[in-house]
Amino acid sequence: MKRTLISETPNFIGQKVHIKGWVNSVRSHGKVTFADIRDRSSLIQIVGDEKLAEIKPEYAVSITGKINPRSEKYFNPKLVTGQIEMEVESFEIISPSLDLPFDVHQEELNVSLPVLLDNRPASLRHSATRDIFTIQAAITNAFREYLMSQDFTEFHAPTIVAGSSEGGSQVFPVDYFGYQAYLAQSPQLYKQVMITAYERVFTIAHAYRAEPSVTTRHLTEYVSLDAEMGFIDSWQDVVDMADSTVKAIFSKISQDYSDILTRFSVTLPKTADKTPQLKLSEALKIVSQRSGRDVSHDLDLDPEGEREICRWALEEHGSDLVFITHFPTKKRAWYSYADPQNPEETLSFDLIGCGVEWISGSQRISDYQQLLDKIKAIGQKPEDYEYPYLQAFRYGMPPEGGFALGLERITQNILGLDNIRQATLFPRDMERIDVHLPKHGKPFVFVPPSNAKKNK
RNA sequence: GGGCCCAUGGUGCAGCGGUCUAGCACAUUCGCCUGUCACGCGAAAGAUCGAGGGUUCGAAUCCCUUUGGGCCCGCCA
């Protein structure tokens with residue numbers, strides 16, 4: 001008999017159907033047993049005799065039975081299928097389950113972070129965990145859909161690279177057949193190349209940062225939502241595109257997933273028609289005035305400053321989001337375009353949301369000679385950037401810019417999660433690559449995987 | 001890399017010098033229950049209180065060392 005998805009079962013009242021799924025809970029009352037069965041679509045209550053109590057939570061099962069209407073006093077308003085139930089005729093245990101290491105059928109998953117991460121397959125059985133990654137999937141979908149609607153073309157950048165895009169030291173080296181290569185810190189240089197063909201491009205890329213950061217908002221491997229656009233009239237075009245992209249993501253979530261927001265007791269960040277925008281120097285003055293802490297000569301906002309400027313944006317403009325612009329040239333990535341009116345500052349921006357950085361972007365240097373000079377000025381060799389980056393700049397490079405947002409960080413902030421690792425399926429950080437790394441481990445020695453062929 | 005904090009059955013917590021033969025909730029096992037939907041009721045099993053050392057007549061509790069974990073800062077998305 002063909003399987004029916006649980007969400008479809010209300011259309012089959014009075015008929016016999018066959019469902020497959022996992023056991024969510026079992027309630028035995030002696031002669032009668034109730035159980036909730038869960039599949040990818042929904043949850044349904046089934047009713048059987050005492051033999052049904054043989055099934056246990058998380059067993060994979062298939063059930064055949066008749067869909068009956070419930071009498072009104074037995075309606076369950078919490079379930080989509082709350083006005084029906086299935087009368088079991090026969091059931092089969094497809095695969096039993098061991099006891100899970102914690103209670104996944106509580107409404108809240110009350111488990112410490114290490115336990116949660118050490119038991120990901122089990123924690124994914126909890127609906128709140130699935131909700132997190134449902135939202136994450138919605139964010140990537142919304143990003144993709146919105147940018148495609150704006151004529152952006154998706155591409156895929158490599159992540160094994162010969163040099164480092166940011167020129168910094170925080171890159172993971174890779175032994176590449178005896179040569180030194182790196183894991184890409186971002187798809188930055190490739191997306192700049194790609195705009196010379198498509199004008200507007202985006203990518204959903206893995207990025208790797210060997211920063212020794214142990215915080216609630218950093219990972220060593222994260223997913224970067226990157227966009228880049230050419231023929232801009234002004235860097236403001238890039239800011240506006242970043243702004244509308246974030247709003248498109250919010251709009252998708254509020255349309256399709258407001259139930260998840262309710263379950264997490266959160267609301268989407270407030271937005272204004274025109275997201276407030278401040279130069280860094282102005283923001284620092286405001287923070288100094290409001291906090292009494294003189295940061296007006298700082299080169300960046302510290303985390304407390306970011307929180308303070310968001311409070312300002314909310315009070316003054318009714319927005320949880322605020323753009324901070326014109327970061328100092330010496331603090332910003334080398335490919336950022338210096339403001340012609342003041343070369344000490346770049347035409348760059350961050351979008352601060354709810355007190356943390358959501359997006360970073362800028363107009364880029366698009367003039368070939370200027371770029372060569374810049375690379376030399378930071379002590380790098382142009383030949384290291386020759387292919388494919390510099391090559392592209394010799395063939396008609398328009399004014400351009402772009403932005404990037406961290407997928408896990410946005411997921412974390414939208415759902416109000418304490419730690420970015422909760423918004424990461426299998427987080428990589430200084431202490432964990434699925435397995436725990438000893439804190440005071442031996443110095444690194446490259447050991448090829450045991451199944452790798454010897455190279456000589 | 002710098003600072004602060006935590007460690008008790010499977011999970012989450014209480015206990016903070018003697019009454020702890022370590023308590024509670026959930027999970028587990030068994031029994032009872034024909035309307036529950038986080039079912040209920042009863043019982044049982046399950047912990048050498050992270051590890052090592054010390055102080056004390058006496059340590060889960062105080063001190064030191066160590067291991068593991070969490071948070072804040074720097075840096076960033």
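User: How do α7 and α8 lie relative to each other, parallel or perpendicular?
Analyst: α7 and α8 are roughly perpendicular to each other, a label that covers angles of 65 to 115 degrees, whereas angles under 35 degrees count as roughly parallel, those over 145 as roughly antiparallel and the rest as oblique. This is a predicted model, in which local features need pLDDT of at least 70 and side-chain atom pairs count only at pLDDT 80 or more, while totals for chains, interfaces and linings use all residues. Residues are numbered from 1 along each chain as its sequence is written, and chains are lettered from A and ligands numbered from 1 in the order in which they are written.

User: What is the angle at which the axes of α7 and α8 cross?
Analyst: The axis of α7, residues 280-291, crosses that of α8 at roughly 90 degrees, and the two come within 9 Å. Axes are lines fitted to C-alpha atoms, for helices over the stretch in contact, with angles running from 0 to 180 degrees between N-to-C directions. Helices (H or I, at least four residues) and strands (E, at least two) are DSSP runs, numbered from the N terminus.

User: And which residues meet there, in α7 and in α8?
Analyst: On the α7 side they are A283, I286, V287, R290 and S291, and these meet G305, E308, I309 and W312 in α8; contact here is a matter of C-beta atoms, placed from the backbone, lying within 7 Å. By class, the contact has five nonpolar, two polar and two charged residues, where Ala, Val, Leu, Ile, Met, Phe, Trp, Tyr, Cys and Pro count as nonpolar, Asp, Glu, Lys and Arg as charged, and the others, Gly among them, as polar.

User: Stepping back, how many helices and strands are in chain A?
Analyst: Chain A has eleven helices and 21 strands. An automatic or database domain assignment divides the chain into domain 1 (6-95) and domain 2 (121-436), with centres, taken over C-alpha atoms, 46 Å apart.

User: Which residue has a positive phi of about 50 degrees although it is not a glycine?
Analyst: That is C354, placed in the loop between β16 (348-353) and β17, and with 17 C-beta neighbours inside 10 Å it counts as partly exposed. D434 also has a positive phi, near 65 degrees, and D434 is exposed, with 10 other C-beta atoms within 10 Å.

User: And which peptide bond is cis?
Analyst: The bond from Y387 to P388 is cis, with omega near -5 degrees, and P388 lies in helix α10, residues 386-393.

Key
Two residues are in contact if their C-beta atoms, placed from the backbone, lie within 7 Å. A residue is buried if 20 or more other C-beta atoms lie within 10 Å of its own, exposed if 12 or fewer, and partly exposed in between; C-beta atoms are placed from the backbone.
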